[in-house]
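Student: Let us work through the side chains of a model by question and answer. Give each cut-off when its term comes up.

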Amino acid sequence: MENKILQEHKIKIVAIDDFHPTLTLISNIFKNIHPNYEIIKFDNGANALEFINNNYNDINLILLDIILPDISGFDLCRTLKNSENTKEIPIVMITAKSDSSDKIEGFEAGADDYIPKPFNEKELIARVNLILKNQLLKKHLYKQNQKLQKLNEIKDIFLSIASHDIRNNLTGIIGHCYLIQMQKYGQLDNKYLQSLKIILKRCKSISQLVDNIIDAAKLEAGKLVLNAMMSNFSEFLRQYYFDIITLYSYEEYKFKLIVEIPEDLEIYFDSQKIDEVFTNLVNNALKFSNKNSEITIGVKDYNDDYIKCFVADNGVGIKAEDIPHLFDKFTAISSKNRAKKMMKSSGLGLSICKGIVEAHSGKIWVASEENKGSTFYFTLPKREELVEEKSQN
């Protein structure tokens, strides 16, 4: 496998030694391995340095003697390793000087390997081929990484354009649905109003999915930006309760929603992102709850710096072995209830909740027991400086 990698590439090696028989021997050794090996020979440092500086992109390896007529091999090695253009070219020192101090100085100068004279032909080939293989693999990985970065940029552009277009269309659909629901264009009977609720709920689901995909990409890239400010969290919860009651049909889910709202609670948060957190947690509760279940959302004081929000259900609960992986990306928690309802998930919801909460300098966790239900908790800061302190750390 190693030889195949090397034989697929044109290998250019610069050999620098003031003893011509050594240069001839090195040239013959590598020409006998494979015709792809090209040895460029120099008997002094100055000419070698000029050639390397002009052809650094094509050079795979440098074999360098320590004793040269015009410059020390150590100094030449340092010069090459300190240059941005040539620092990645592997250098193997081949010399009759075998003192340990010379080896140490060679490695300190930047040499990648050290072979004493007289060298063993097989050892020289083995060491050089290992370095060459590693260098070629490194170059290959670098090129692949560049391609991946380019693809990632294309993906970001696509997600940005797609999410913008999808959201614009959803906004129009939702707006007209609300106008029809308010019967601005005439009276509707209950079956039409019920259908509108379903349409609104599906639009909300699509909007949430788009948000999840965009947020997952931003979290992975470390680019999630909060639009946070000091706001009335009590008013936020009241509006959220109204939205949930409007979008989720009682006839379909038959659940009781309880909201515990404190009076005039001011905290520092991004209302759109925390809406996502609550929606993901409420959707999760619905997936794992039976008909006529209760879901409670609310907030309590946690300590001097944070409040504690929660979403509680009396559903099927979560197995103890699943809890440690619950907030991992693409985690799918199995349950008979979920299979029965044929509900599917992107597997991103809880990992996004974790990312959003942590961006607020908070934490998220769950308390659950099988067949008794689950309660998800997360904390939010009371003051802006708490988030700033976290970002500085």
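Tutor: Buried means under 20% relative accessible area, exposed means over 50%, and partly exposed lies in between (1.4 Å probe, protein chains only). This is a predicted model: local features need pLDDT of at least 70, side-chain atom pairs count only at pLDDT 80 or more, and totals for chains, interfaces and linings use all residues. Residues are numbered from 1 along each chain as its sequence is written, and side-chain values use heavy atoms, leaving out hydrogens and water.

Student: What is the relative accessible area of glutamate 369?

Tutor: The structure holds 17 salt bridges (a side-chain nitrogen of Lys or Arg within 4 Å of a carboxyl oxygen of Asp or Glu). In one of them glutamate 369 meets lysine 372, 3.5 Å from N to O. Lysine 372 is exposed, because its relative accessible area is 58%. Glutamate 369 counts as partly exposed, because its value is 44%.

Student: Is glutamate 84 buried or exposed?

Tutor: Glutamate 84 pairs with lysine 87 in a salt bridge, 3.1 Å from N to O. Lysine 87 is partly exposed, because its relative accessible area is 32%. At 61%, the class of glutamate 84 is therefore exposed.

Student: In which helix are lysine 273 and glutamate 276 about one helical turn apart?

Tutor: These two form a salt bridge, with the closest N and O atoms 3.5 Å apart. Both lysine 273 and glutamate 276 are buried. They are 3 residues apart, so about one turn separates them within helix 10 (helices are DSSP runs of H or I with at least four residues, strands runs of E with at least two, numbered from the N terminus).

Student: How far apart in space are lysine 273 and aspartate 211, C-alpha to C-alpha?

Tutor: Lysine 273 counts as buried, because its relative accessibility is 9%. Leaving aside neighbours within four places in sequence, lysine 273 is in contact (heavy atoms within 4.5 Å) with Asp215, Leu224, Leu226, Ile356 and His360. Aspartate 211 lies 62 residues away in sequence, and the C-alpha distance is 9.2 Å.

Student: At what angle do the ring planes of phenylalanine 107 and tyrosine 114 lie?

Tutor: The structure holds 14 aromatic pairs (Phe, Tyr or six-membered Trp rings with centres within 6.5 Å; planes under 30 degrees apart are stacked, over 60 edge-to-face, the rest tilted). The centres of phenylalanine 107 and tyrosine 114 are 6.4 Å apart, and the pair is tilted because the planes meet at 45°.

Student: What is the angle between the planes of phenylalanine 236 and tyrosine 240?

Tutor: The centres are 6.4 Å apart, and the pair is stacked. Both residues are buried. They sit 4 residues apart in helix 8 (residues 233–247), so about one helical turn separates them. The planes of phenylalanine 236 and tyrosine 240 are at 25°.

Student: How far is the charged end of lysine 363 from the ring centre of tryptophan 365?

Tutor: Lysine 300 places its charged end over the ring of phenylalanine 310, 5.4 Å from the centre (NZ of Lys or CZ of Arg within 6 Å of the ring centre and within 35 degrees of the normal). Lysine 363 sits over tryptophan 365 at 5.3 Å.

Student: How many disulfides does a search of the whole structure find?

Tutor: Cysteine 177 is buried, because its relative accessible area is 6%. Its sulfur has the closest cysteine sulfur in cysteine 203, and at 5.6 Å that is too far for a bond. The count of disulfides (cysteine sulfur atoms within 2.5 Å) is 0.
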